[in-house]
Amino acid sequence: MLKKNEIKVGDTYSEKIVEDLKRTQIVQYAGASGDYNPLHSDDKFTKEIAGYPGVFAHGMLSMGMTGKMLTNFVGDGTLKKFGVRFTNQVWPGDSLESTATIIDIKEEDGETLAEIVIETKNQDGATVITGSAIAKVG
Amino acid sequence: MSKIKMPVEKSHIMMFARSIGDANPKYYEEKDEDVIAPPTFIQSSAQYDPDYFLRPKIGGDNWFGSGKEATGMKSSGSGSGGGGAAMGLHAEQHYEYHQPLKVGDVISAEVKPGKTWEKESKRAGKLKFSESVTEYRNQEGELIITATSVGVVTEKPVEN
């Protein structure tokens, strides 16, 4: 858990959340989450029917990996809110870095809360996720 | 509306954590105590939705992924064909956490349709957005997570 006297507005935390994303990891995510949309594992379907250059990651895999950065930063069980927009697709071979920035620290109903903005970018600097979160602070 | 009843299990959390590359040791240790599921784990409640449309059904013959052909969907022969279902993409996902999601919880879900809207985009033509709100409750009926999902159906594949 973040400590009130150890954080300030403007603090950032970054993590490389995946390096050279493998198709197999996308398959792992499909198996664990239960989302077997062929867009994520079935190249033939994705090229010939859906019209994409090949399989791509579940948005929720990118969000899940971004969430790993977030819990590493704010601690387990401290999140009150976590939300994202998927702004670009994530492809096999991509490397992603995710950054959290504290934009506000406030008291609400006897709790101290940190308001955080989140951005996940790929190796070309393109943003694949923008988001925000609210975490309890100790 | 599907009836979901999801027992939150340690092994499921471990597999999920592996898939997102989360090395938090709590997900891999033997004991169940103090394990709070990763923030997006609730998404895997799809495993417990008997009608989930993104999973091939046992004995079902209408799965839209490839086999001998590029799609197993029986096309009506006109219009957008079998690709229709696949043109749906995930646009946004928001969670509100009311209580920690823990091993041993048995979660039920109630899905409510939300707003719908349209937008024109350069990269994918006309976009049709639709929102759904899911309330996840534990065995005591206590609200654990509220999830808001926004899906988008694109007119054509997104240009990259």
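This is a predicted model: local features need pLDDT of at least 70, side-chain atom pairs count only at pLDDT 80 or more; totals for chains, interfaces and linings use all residues.
Colleague: Which residue of chain B stands opposite A:Phe82?
Modeller: Strand 2 of chain A and strand 2 of chain B run antiparallel and are joined by five bridges. The residue opposite A:Phe82 lies in strand 2 of chain B, and it is B:Tyr95.

Colleague: Staying in chain B, what is the bridge partner of B:Lys128 in strand 5?
Modeller: Strand 4 (residues 125-137) and strand 5 (residues 143-154) of chain B pair in the antiparallel sense, over 11 bridges. Within strand 5 of chain B, the partner of B:Lys128 is B:Val153.

Colleague: Now the contact between the chains: which element gives the most to the side of chain A that touches chain B?
Modeller: The contact takes 42 residues from chain A and 40 residues from chain B. On the side of chain A, the elements that give two or more residues are strand 1, helix 1 (23-33), helix 2 (43-50), helix 3 and strand 2. That side divides into 20 nonpolar, 13 polar and nine charged residues. With 10 residues, the element that gives the most is helix 3 of chain A.

Colleague: How does helix 1 of chain A lie against helix 1 of chain B, and why?
Modeller: The axes of helix 1 of chain A and helix 1 (residues 10-19) of chain B come within 8 Å and cross at roughly 155°. Because angles over 145 degrees count that way, the two helices are roughly antiparallel.

Colleague: Which residues of helix 1 of chain B meet helix 1 of chain A?
Modeller: The crossing of these two helices is left-handed. The residues in their contact divide into four nonpolar, four polar and one charged. From helix 1 of chain A come A:Gln25, A:Gln28, A:Tyr29, A:Ala32 and A:Ser33, and they meet B:Met15, B:Phe16, B:Arg18 and B:Ser19.

Colleague: Which helices are included in what covers the buried residues of helix 1 of chain A?
Modeller: The buried residues of helix 1 of chain A include A:Ile26, A:Tyr29 and A:Ala30, and A:Ala32 and A:Ser33 are buried too. Their cover includes helix 3 of chain A together with helix 1 of chain B.

Colleague: Is B:Leu101 buried or exposed?
Modeller: B:Leu101 is found in the loop between strand 2 and strand 3 (106-121) of chain B. Leaving aside neighbours within four places in sequence, its contacts include B:Val8, B:Phe41 and B:Ile144. It has 23 other C-beta atoms within 10 Å, so B:Leu101 is buried.

Colleague: What is the phi of A:Asp109?
Modeller: Most residues other than glycine have a negative phi. A:Asp109 sits in the loop between strand 3 and strand 4 of chain A, and it counts as exposed with 5 C-beta neighbours inside 10 Å. Its phi is positive, near 50°.

Colleague: And is B:Asp34 buried or exposed?
Modeller: B:Asp34, which is not a glycine, has a positive phi of about 60°. Its place is in the loop between helix 1 and strand 2 of chain B. With 12 C-beta neighbours inside 10 Å, B:Asp34 counts as exposed.

Key. Residues are numbered from 1 along each chain as its sequence is written. Chains are lettered from A and ligands numbered from 1 in the order in which they are written. Two strands pair if DSSP finds at least two bridges between them. Helices (H or I, at least four residues) and strands (E, at least two) are DSSP runs, numbered from the N terminus. Two residues are in contact if their C-beta atoms, placed from the backbone, lie within 7 Å. Ala, Val, Leu, Ile, Met, Phe, Trp, Tyr, Cys and Pro count as nonpolar, Asp, Glu, Lys and Arg as charged, and the others, Gly among them, as polar. Axes are lines fitted to C-alpha atoms, for helices over the stretch in contact, and angles run from 0 to 180 degrees between N-to-C directions. Angles under 35 degrees count as roughly parallel, over 145 as roughly antiparallel, 65 to 115 as roughly perpendicular and the rest as oblique. A crossing is left-handed if the near helix is turned anticlockwise from the far one by less than a right angle, and right-handed if clockwise. A residue is buried if 20 or more other C-beta atoms lie within 10 Å of its own, exposed if 12 or fewer, and partly exposed in between; C-beta atoms are placed from the backbone.
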